[in-house]
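Have a look at the picture, then read on.

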Amino acid sequence: MCDAGAVSTANNDPAVPPDPRPVCVLGLGLIGGSVLRALRRAGRDAHGYNRSAGPVAEARADGFQVTDDLTTALTRAAAEDALIVLAVPMPAVDPVLAAIAEHAPDCALTDVVSVKAPVREAVRAHGLTDRFVGGHPMAGTAHSGWAAGDAAMFDEAVWVVAADDGADPDVWARVARLAADCRAVVVPAGSADHDEAAARISHLPHVLAETLAAVGAEDPLALTLAAGSFRDGTRVAGSAPELVRAMCEANGPALLGVLDQALELLTAARTQLAGPSGTGDGDLAALVAAGHAGHTAYTATERTPLTDLRLGEDGWLERLRTAGAEGRVWRG
Ligand code: NAD
(Lines give C-alpha, C1' and ligand atoms only; values in the text may rest on other atoms or scores of the structure.)
Protein backbone atom coordinates (compact mmCIF):
# COMPACT_ATOMS: atom_id res chain seq x y z
CA MET A 1 0.00 0.00 0.00
CA CYS A 2 1.37 3.42 -0.89
CA ASP A 3 1.39 6.14 1.70
CA ALA A 4 -1.07 9.00 1.74
CA GLY A 5 1.37 11.50 0.25
CA ALA A 6 1.76 9.50 -2.97
CA VAL A 7 -1.38 10.70 -4.77
CA SER A 8 -0.45 10.53 -8.42
CA THR A 9 -3.54 11.80 -10.21
CA ALA A 10 -3.09 15.09 -12.03
CA ASN A 11 -5.15 17.92 -10.64
CA ASN A 12 -6.33 20.49 -13.14
CA ASP A 13 -9.29 21.88 -11.26
CA PRO A 14 -8.74 23.81 -8.03
CA ALA A 15 -12.27 22.93 -6.90
CA VAL A 16 -11.34 19.25 -6.75
CA PRO A 17 -7.88 18.97 -5.20
CA PRO A 18 -6.05 15.68 -4.70
CA ASP A 19 -7.35 13.97 -1.56
CA PRO A 20 -4.53 12.81 0.70
CA ARG A 21 -6.96 11.27 3.19
CA PRO A 22 -7.54 7.49 3.14
CA VAL A 23 -10.49 5.59 1.71
CA CYS A 24 -12.32 2.79 3.55
CA VAL A 25 -14.22 0.41 1.24
CA LEU A 26 -17.03 -1.61 2.87
CA GLY A 27 -17.84 -4.69 0.79
CA LEU A 28 -15.09 -6.27 -1.29
CA GLY A 29 -17.10 -7.85 -4.08
CA LEU A 30 -16.84 -7.08 -7.79
CA ILE A 31 -17.27 -3.33 -7.37
CA GLY A 32 -15.72 -2.72 -3.92
CA GLY A 33 -12.80 -5.00 -4.79
CA SER A 34 -12.27 -3.09 -8.04
CA VAL A 35 -12.39 0.26 -6.22
CA LEU A 36 -9.72 -0.93 -3.78
CA ARG A 37 -7.49 -2.13 -6.61
CA ALA A 38 -8.02 1.06 -8.67
CA LEU A 39 -7.15 3.20 -5.64
CA ARG A 40 -3.92 1.28 -5.10
CA ARG A 41 -3.07 1.82 -8.76
CA ALA A 42 -3.67 5.57 -8.21
CA GLY A 43 -1.35 5.60 -5.21
CA ARG A 44 -4.19 6.25 -2.75
CA ASP A 45 -4.12 5.00 0.82
CA ALA A 46 -7.09 2.59 1.02
CA HIS A 47 -8.27 -0.26 3.19
CA GLY A 48 -11.39 -2.42 3.33
CA TYR A 49 -13.87 -4.63 5.09
CA ASN A 50 -15.72 -7.75 3.98
CA ARG A 51 -18.09 -9.74 6.16
CA SER A 52 -16.88 -13.16 5.05
CA ALA A 53 -13.38 -14.41 5.79
CA GLY A 54 -12.66 -16.05 2.41
CA PRO A 55 -12.47 -12.85 0.34
CA VAL A 56 -10.58 -11.15 3.16
CA ALA A 57 -7.91 -13.85 3.00
CA GLU A 58 -7.74 -13.51 -0.79
CA ALA A 59 -7.44 -9.71 -0.60
CA ARG A 60 -4.72 -9.97 2.06
CA ALA A 61 -2.84 -12.43 -0.14
CA ASP A 62 -3.03 -9.78 -2.87
CA GLY A 63 -1.38 -7.29 -0.49
CA PHE A 64 -4.39 -5.24 0.65
CA GLN A 65 -5.17 -4.06 4.19
CA VAL A 66 -8.56 -5.61 4.88
CA THR A 67 -10.51 -6.98 7.81
CA ASP A 68 -13.66 -9.02 8.40
CA ASP A 69 -14.48 -6.92 11.47
CA LEU A 70 -16.71 -3.96 10.60
CA THR A 71 -16.11 -2.14 13.89
CA THR A 72 -12.35 -2.34 13.39
CA ALA A 73 -12.63 -0.92 9.85
CA LEU A 74 -14.92 1.91 10.96
CA THR A 75 -12.89 2.81 14.04
CA ARG A 76 -9.84 3.13 11.81
CA ALA A 77 -11.81 5.18 9.25
CA ALA A 78 -13.00 7.58 11.99
CA ALA A 79 -9.46 8.00 13.36
CA GLU A 80 -8.06 8.73 9.87
CA ASP A 81 -10.90 10.95 8.59
CA ALA A 82 -11.29 8.46 5.75
CA LEU A 83 -13.86 8.65 2.99
CA ILE A 84 -16.14 5.62 3.49
CA VAL A 85 -17.38 3.84 0.36
CA LEU A 86 -20.45 1.66 0.85
CA ALA A 87 -20.13 -1.18 -1.69
CA VAL A 88 -22.72 -3.71 -0.57
CA PRO A 89 -26.03 -4.72 -2.18
CA MET A 90 -29.10 -2.65 -1.34
CA PRO A 91 -30.52 -5.13 1.22
CA ALA A 92 -27.27 -4.83 3.24
CA VAL A 93 -27.19 -1.02 3.21
CA ASP A 94 -29.31 -0.49 6.31
CA PRO A 95 -27.29 -2.58 8.81
CA VAL A 96 -23.99 -1.23 7.51
CA LEU A 97 -25.28 2.35 7.84
CA ALA A 98 -26.30 1.58 11.42
CA ALA A 99 -22.71 0.58 12.17
CA ILE A 100 -21.36 3.71 10.46
CA ALA A 101 -23.73 5.88 12.52
CA GLU A 102 -22.37 4.23 15.66
CA HIS A 103 -18.65 4.12 14.92
CA ALA A 104 -17.84 6.71 12.22
CA PRO A 105 -20.69 9.25 12.03
CA ASP A 106 -18.43 12.18 11.06
CA CYS A 107 -16.68 10.49 8.15
CA ALA A 108 -17.43 11.60 4.61
CA LEU A 109 -19.60 8.89 3.07
CA THR A 110 -20.46 7.72 -0.43
CA ASP A 111 -21.78 4.54 -2.03
CA VAL A 112 -21.73 2.63 -5.32
CA VAL A 113 -25.23 1.15 -5.16
CA SER A 114 -27.14 1.01 -8.44
CA VAL A 115 -30.07 3.06 -7.12
CA LYS A 116 -29.64 6.44 -5.52
CA ALA A 117 -32.91 7.70 -3.97
CA PRO A 118 -33.46 4.65 -1.71
CA VAL A 119 -29.86 4.82 -0.44
CA ARG A 120 -30.26 8.56 0.22
CA GLU A 121 -33.42 7.84 2.19
CA ALA A 122 -31.65 5.15 4.24
CA VAL A 123 -28.77 7.54 4.92
CA ARG A 124 -31.27 10.18 6.08
CA ALA A 125 -32.95 7.65 8.41
CA HIS A 126 -29.57 7.07 10.08
CA GLY A 127 -28.85 10.78 10.48
CA LEU A 128 -25.85 10.72 8.13
CA THR A 129 -27.08 13.07 5.36
CA ASP A 130 -24.71 15.96 6.14
CA ARG A 131 -21.61 13.92 5.26
CA PHE A 132 -23.12 11.93 2.36
CA VAL A 133 -22.82 12.28 -1.40
CA GLY A 134 -24.07 9.26 -3.34
CA GLY A 135 -22.30 7.70 -6.30
CA HIS A 136 -22.78 5.05 -8.97
CA PRO A 137 -20.02 3.77 -11.23
CA MET A 138 -21.67 2.64 -14.46
CA ALA A 139 -19.41 -0.36 -14.94
CA GLY A 140 -19.47 -4.02 -14.05
CA THR A 141 -19.56 -7.57 -15.33
CA ALA A 142 -21.88 -10.52 -14.82
CA HIS A 143 -19.47 -11.90 -12.19
CA SER A 144 -19.37 -11.37 -8.43
CA GLY A 145 -16.89 -11.44 -5.57
CA TRP A 146 -13.32 -10.35 -4.85
CA ALA A 147 -11.73 -12.55 -7.51
CA ALA A 148 -13.81 -10.89 -10.25
CA GLY A 149 -12.49 -7.39 -9.42
CA ASP A 150 -10.21 -5.45 -11.73
CA ALA A 151 -8.17 -2.25 -11.21
CA ALA A 152 -9.18 -1.17 -14.72
CA MET A 153 -12.92 -1.72 -14.15
CA PHE A 154 -13.72 2.00 -14.16
CA ASP A 155 -11.31 3.24 -16.83
CA GLU A 156 -13.28 5.75 -18.94
CA ALA A 157 -16.56 4.57 -17.36
CA VAL A 158 -19.16 7.06 -16.24
CA TRP A 159 -19.34 7.53 -12.45
CA VAL A 160 -22.46 9.40 -11.37
CA VAL A 161 -21.83 11.71 -8.41
CA ALA A 162 -25.12 12.80 -6.86
CA ALA A 163 -25.77 16.54 -7.00
CA ASP A 164 -28.65 16.68 -4.54
CA ASP A 165 -29.64 19.87 -2.73
CA GLY A 166 -27.83 20.22 0.57
CA ALA A 167 -24.68 18.36 -0.53
CA ASP A 168 -21.46 19.45 1.20
CA PRO A 169 -18.99 20.81 -1.40
CA ASP A 170 -15.98 19.27 0.37
CA VAL A 171 -17.58 15.82 0.41
CA TRP A 172 -18.68 16.27 -3.20
CA ALA A 173 -15.11 17.09 -4.19
CA ARG A 174 -13.78 14.04 -2.34
CA VAL A 175 -16.25 11.73 -4.08
CA ALA A 176 -15.49 13.25 -7.50
CA ARG A 177 -11.76 12.81 -6.76
CA LEU A 178 -12.35 9.17 -5.78
CA ALA A 179 -14.04 8.56 -9.15
CA ALA A 180 -11.31 10.39 -11.05
CA ASP A 181 -8.60 8.46 -9.21
CA CYS A 182 -10.36 5.29 -10.43
CA ARG A 183 -9.99 6.85 -13.94
CA ALA A 184 -13.73 7.23 -14.37
CA VAL A 185 -15.43 10.32 -15.80
CA VAL A 186 -17.80 12.11 -13.44
CA VAL A 187 -21.38 12.89 -14.45
CA PRO A 188 -23.31 14.95 -11.88
CA ALA A 189 -27.02 14.10 -11.54
CA GLY A 190 -29.81 14.37 -8.99
CA SER A 191 -30.65 11.06 -7.30
CA ALA A 192 -34.20 10.88 -8.70
CA ASP A 193 -33.01 11.76 -12.23
CA HIS A 194 -30.31 9.08 -11.93
CA ASP A 195 -32.86 6.45 -10.91
CA GLU A 196 -35.17 7.30 -13.83
CA ALA A 197 -32.24 7.16 -16.28
CA ALA A 198 -30.83 3.96 -14.74
CA ALA A 199 -34.24 2.31 -15.06
CA ARG A 200 -34.10 2.98 -18.82
CA ILE A 201 -30.55 1.93 -19.61
CA SER A 202 -29.74 -0.64 -16.93
CA HIS A 203 -32.72 -2.08 -15.07
CA LEU A 204 -35.06 -2.46 -18.06
CA PRO A 205 -32.26 -4.17 -20.05
CA HIS A 206 -31.90 -6.61 -17.15
CA VAL A 207 -35.63 -7.37 -17.21
CA LEU A 208 -35.60 -7.82 -20.99
CA ALA A 209 -32.48 -10.01 -20.86
CA GLU A 210 -34.16 -12.29 -18.31
CA THR A 211 -37.21 -12.43 -20.58
CA LEU A 212 -35.18 -13.26 -23.69
CA ALA A 213 -33.22 -15.96 -21.85
CA ALA A 214 -36.39 -17.54 -20.43
CA VAL A 215 -38.13 -17.59 -23.84
CA GLY A 216 -35.04 -18.94 -25.61
CA ALA A 217 -34.59 -21.75 -23.09
CA GLU A 218 -38.08 -23.10 -23.87
CA ASP A 219 -36.63 -24.94 -26.87
CA PRO A 220 -33.42 -27.07 -26.74
CA LEU A 221 -32.90 -26.68 -30.50
CA ALA A 222 -33.07 -22.92 -30.13
CA LEU A 223 -30.35 -23.05 -27.48
CA THR A 224 -28.23 -25.19 -29.80
CA LEU A 225 -28.61 -22.65 -32.60
CA ALA A 226 -28.10 -19.62 -30.39
CA ALA A 227 -25.38 -17.27 -31.60
CA GLY A 228 -24.47 -13.58 -31.34
CA SER A 229 -27.91 -11.97 -30.94
CA PHE A 230 -28.93 -14.35 -28.19
CA ARG A 231 -25.55 -14.14 -26.46
CA ASP A 232 -25.45 -10.33 -26.48
CA GLY A 233 -29.12 -9.85 -25.65
CA THR A 234 -28.98 -12.22 -22.66
CA ARG A 235 -25.50 -11.42 -21.33
CA VAL A 236 -26.64 -9.70 -18.14
CA ALA A 237 -29.07 -12.53 -17.35
CA GLY A 238 -25.92 -14.37 -16.26
CA SER A 239 -25.57 -12.00 -13.27
CA ALA A 240 -26.19 -13.34 -9.75
CA PRO A 241 -30.01 -13.47 -9.40
CA GLU A 242 -30.02 -11.92 -5.93
CA LEU A 243 -28.00 -8.92 -7.21
CA VAL A 244 -30.33 -8.40 -10.16
CA ARG A 245 -33.36 -8.52 -7.88
CA ALA A 246 -31.77 -6.18 -5.33
CA MET A 247 -30.94 -3.68 -8.06
CA CYS A 248 -34.21 -3.77 -10.02
CA GLU A 249 -36.61 -4.10 -7.09
CA ALA A 250 -34.97 -1.19 -5.25
CA ASN A 251 -35.82 0.99 -8.27
CA GLY A 252 -39.36 -0.41 -8.63
CA PRO A 253 -41.32 2.84 -9.19
CA ALA A 254 -39.02 4.13 -11.95
CA LEU A 255 -38.70 0.66 -13.50
CA LEU A 256 -42.49 0.26 -13.65
CA GLY A 257 -42.78 3.43 -15.75
CA VAL A 258 -40.21 2.38 -18.37
CA LEU A 259 -41.48 -1.22 -18.37
CA ASP A 260 -44.91 0.17 -19.31
CA GLN A 261 -43.30 2.07 -22.21
CA ALA A 262 -41.59 -1.13 -23.40
CA LEU A 263 -44.80 -3.15 -23.11
CA GLU A 264 -46.70 -0.52 -25.13
CA LEU A 265 -44.08 -0.72 -27.88
CA LEU A 266 -44.18 -4.54 -27.86
CA THR A 267 -47.98 -4.64 -27.88
CA ALA A 268 -48.12 -2.22 -30.82
CA ALA A 269 -45.42 -4.24 -32.62
CA ARG A 270 -47.38 -7.44 -32.08
CA THR A 271 -50.51 -5.88 -33.54
CA GLN A 272 -48.56 -4.62 -36.55
CA LEU A 273 -46.83 -7.96 -37.13
CA ALA A 274 -50.10 -9.88 -36.79
CA GLY A 275 -51.32 -7.93 -39.84
CA PRO A 276 -54.80 -7.93 -41.38
CA SER A 277 -55.20 -11.69 -41.07
CA GLY A 278 -54.00 -11.75 -37.47
CA THR A 279 -51.61 -14.61 -38.33
CA GLY A 280 -48.34 -12.74 -38.88
CA ASP A 281 -48.55 -11.31 -42.40
CA GLY A 282 -47.88 -7.77 -41.17
CA ASP A 283 -44.58 -6.01 -40.51
CA LEU A 284 -42.34 -4.58 -37.78
CA ALA A 285 -41.59 -1.29 -39.53
CA ALA A 286 -42.50 1.06 -36.67
CA LEU A 287 -40.61 -0.81 -33.94
CA VAL A 288 -37.51 -1.35 -36.05
CA ALA A 289 -37.43 2.30 -37.16
CA ALA A 290 -37.78 3.53 -33.58
CA GLY A 291 -35.16 1.08 -32.32
CA HIS A 292 -32.68 1.94 -35.06
CA ALA A 293 -33.12 5.66 -34.39
CA GLY A 294 -32.58 5.05 -30.67
CA HIS A 295 -29.40 3.09 -31.31
CA THR A 296 -28.11 5.78 -33.68
CA ALA A 297 -28.75 8.41 -30.99
CA TYR A 298 -26.88 6.28 -28.45
CA THR A 299 -23.81 5.78 -30.63
CA ALA A 300 -23.76 9.50 -31.53
CA THR A 301 -23.86 10.62 -27.90
CA GLU A 302 -20.78 12.67 -27.07
CA ARG A 303 -19.28 13.57 -23.72
CA THR A 304 -18.22 17.19 -23.61
CA PRO A 305 -15.90 18.47 -20.89
CA LEU A 306 -17.23 20.02 -17.73
CA THR A 307 -14.74 22.59 -16.48
CA ASP A 308 -14.77 25.26 -13.80
CA LEU A 309 -16.79 23.39 -11.18
CA ARG A 310 -16.92 26.25 -8.62
CA LEU A 311 -18.21 23.98 -5.88
CA GLY A 312 -20.09 25.68 -3.06
CA GLU A 313 -20.99 28.87 -4.92
CA ASP A 314 -24.62 29.96 -5.11
CA GLY A 315 -26.58 27.58 -7.34
CA TRP A 316 -23.62 25.18 -7.80
CA LEU A 317 -25.69 21.99 -7.45
CA GLU A 318 -28.31 23.12 -9.93
CA ARG A 319 -25.54 24.09 -12.36
CA LEU A 320 -23.96 20.65 -11.94
CA ARG A 321 -27.29 18.87 -12.56
CA THR A 322 -27.82 20.95 -15.72
CA ALA A 323 -24.30 20.17 -16.92
CA GLY A 324 -24.83 16.43 -16.36
CA ALA A 325 -28.16 16.50 -18.19
CA GLU A 326 -26.38 18.18 -21.13
CA GLY A 327 -23.87 15.31 -21.35
CA ARG A 328 -20.96 17.19 -19.79
CA VAL A 329 -18.42 15.15 -17.82
CA TRP A 330 -15.56 16.02 -15.47
CA ARG A 331 -12.19 14.29 -15.69
CA GLY A 332 -9.68 14.56 -12.90
P1 NAD B 1 -20.78 -8.67 -5.11
O2 NAD B 1 -21.74 -9.77 -4.83
O3 NAD B 1 -19.62 -8.96 -5.98
O4 NAD B 1 -20.26 -8.11 -3.73
C5 NAD B 1 -21.17 -7.76 -2.70
C6 NAD B 1 -20.39 -7.50 -1.43
O7 NAD B 1 -21.31 -7.13 -0.40
C8 NAD B 1 -19.62 -8.71 -0.94
O9 NAD B 1 -18.39 -8.24 -0.46
C10 NAD B 1 -20.50 -9.24 0.20
O11 NAD B 1 -19.73 -9.89 1.18
C12 NAD B 1 -21.05 -7.95 0.74
N13 NAD B 1 -22.31 -8.14 1.48
C14 NAD B 1 -23.43 -8.72 1.05
N15 NAD B 1 -24.36 -8.72 2.03
C16 NAD B 1 -23.78 -8.12 3.09
C17 NAD B 1 -24.22 -7.82 4.41
N18 NAD B 1 -25.45 -8.12 4.81
N19 NAD B 1 -23.36 -7.18 5.24
C20 NAD B 1 -22.12 -6.87 4.84
N21 NAD B 1 -21.65 -7.13 3.61
C22 NAD B 1 -22.47 -7.75 2.75
O23 NAD B 1 -21.64 -7.44 -5.67
P24 NAD B 1 -21.18 -6.16 -6.48
O25 NAD B 1 -21.47 -6.38 -7.91
O26 NAD B 1 -19.81 -5.75 -6.06
O27 NAD B 1 -22.26 -5.12 -5.97
C28 NAD B 1 -22.00 -4.28 -4.85
C29 NAD B 1 -22.80 -3.00 -5.06
O30 NAD B 1 -22.38 -2.39 -6.27
C31 NAD B 1 -24.30 -3.27 -5.19
O32 NAD B 1 -25.00 -2.29 -4.45
C33 NAD B 1 -24.57 -3.06 -6.68
O34 NAD B 1 -25.85 -2.53 -6.91
C35 NAD B 1 -23.50 -2.05 -7.05
N36 NAD B 1 -23.09 -2.08 -8.46
C37 NAD B 1 -22.95 -3.28 -9.10
C38 NAD B 1 -22.54 -3.27 -10.43
C39 NAD B 1 -22.37 -4.55 -11.19
O40 NAD B 1 -22.31 -4.55 -12.41
N41 NAD B 1 -22.26 -5.68 -10.50
C42 NAD B 1 -22.26 -2.05 -11.07
C43 NAD B 1 -22.36 -0.87 -10.36
C44 NAD B 1 -22.78 -0.89 -9.04
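**Helices, loops and a strand**

H4 passes H5 in a right-handed crossing. The contact is made by Met 90, Val 93 and Leu 97 on the H4 side, and by Pro 118, Val 119, Ala 122 and Val 123 on the H5 side. Sort those residues by type and you get seven nonpolar, no polar and no charged. Keep in mind that this is a predicted model.

**More on H4 and H5**

- Helix H4 covers residues 90-103 and helix H5 covers residues 117-125.
- Their axes come within 10 Å and cross at roughly 20°.
- Angles under 35 degrees count as roughly parallel, so H4 is roughly parallel to H5.

**The chain as a whole**

- In secondary structure, the protein chain comes to 13 helices and ten strands.
- Its radius of gyration is 22 Å, close to the 20 Å that the globule rule gives for 332 residues, so the chain is as compact as a globular protein of that length.
- Taken along the principal axes, the C-alpha atoms of the chain fill a box of roughly 75 × 50 × 35 Å.
- Of the 332 residues in the chain, 43% are buried.
- Take the contacts between residues at least 6 apart in sequence: 70% of them join residues at least 24 apart.

**H7 and H11**

- Helix H7 spans residues 191-216, helix H11 spans residues 252-274, and their axes come within 9 Å.
- The two axes cross at roughly 60°, which makes H7 oblique to H11.
- This is a right-handed crossing, with H7 passing H11.
- On the H7 side, the residues that meet H11 are Asp 195, Glu 196, Ala 199, Arg 200, His 203, Leu 204 and Val 207.
- Facing them in H11 are Ala 254, Leu 255, Val 258, Leu 259, Gln 261 and Ala 262.
- By type, the residues of this contact of H7 with H11 divide into eight nonpolar, two polar and three charged.

**H7 and H10**

- H7 also comes up against H10: the axes of H7 and H10 come within 10 Å and cross at roughly 130°.
- That angle makes H7 oblique to H10.
- The crossing of H7 and H10 is left-handed.
- H7 brings His 203, His 206 and Glu 210 to this meeting, and H10 brings Val 244, Met 247 and Cys 248.
- The contact of H7 with H10 splits into three nonpolar residues, two polar and one charged.

**Val 236, in a loop**

- Look for Val 236 in the loop between helix H9 (228-234) and helix H10 (241-250).
- Is Val 236 buried or exposed? Its relative accessibility is 18%, so Val 236 counts as buried, the cut-off being under 20%.
- Setting aside neighbours within four places in sequence, Val 236 is in contact with Pro 205, His 206 and Ala 209.
- Val 236 and His 143 are 93 residues apart in sequence, yet 9.6 Å apart in space, C-alpha to C-alpha.

**Gly 48, in a strand**

- Gly 48 belongs to strand S2 (residues 46-49).
- With a relative accessibility of 1%, Gly 48 counts as buried.
- What touches Gly 48, leaving aside its neighbours within four places in sequence? The contacts are Val 25, Leu 28, Leu 36, Gln 65, Val 66 and Thr 67.
- From Gly 48 to Cys 24 is 24 residues in sequence and 5.3 Å in space, C-alpha to C-alpha.

**Two residues with positive phi**

- Glu 156 has phi near 65°, a positive value in a residue other than glycine.
- You'll find Glu 156 in the loop between strand S6 (135-137) and strand S7 (158-162).
- Glu 156 is partly exposed, with a relative accessible area of 45%.
- Arg 310 isn't a glycine, but its phi is positive, at about 45°.
- The loop between strand S9 (304-305) and helix H13 (316-325) is where Arg 310 lies.
- Arg 310 counts as partly exposed, at 35% relative accessibility.

Terms used: Residues are numbered from 1 along each chain as its sequence is written. This is a predicted model: local features need pLDDT of at least 70, side-chain atom pairs count only at pLDDT 80 or more; totals for chains, interfaces and linings use all residues. Side-chain values use heavy atoms; hydrogens and water are left out. Axes are lines fitted to C-alpha atoms, for helices over the stretch in contact, and angles run from 0 to 180 degrees between N-to-C directions. Helices (H or I, at least four residues) and strands (E, at least two) are DSSP runs, numbered from the N terminus. Angles under 35 degrees count as roughly parallel, over 145 as roughly antiparallel, 65 to 115 as roughly perpendicular and the rest as oblique. A crossing is left-handed if the near helix is turned anticlockwise from the far one by less than a right angle, and right-handed if clockwise. Contact means heavy atoms within 4.5 Å. Ala, Val, Leu, Ile, Met, Phe, Trp, Tyr, Cys and Pro count as nonpolar, Asp, Glu, Lys and Arg as charged, and the others, Gly among them, as polar. The radius of gyration is taken over C-alpha atoms; the globule rule is 2.2 Å times the number of residues to the power 0.38. Buried means under 20% relative accessible area, exposed over 50%, partly exposed in between (1.4 Å probe, protein chains only).
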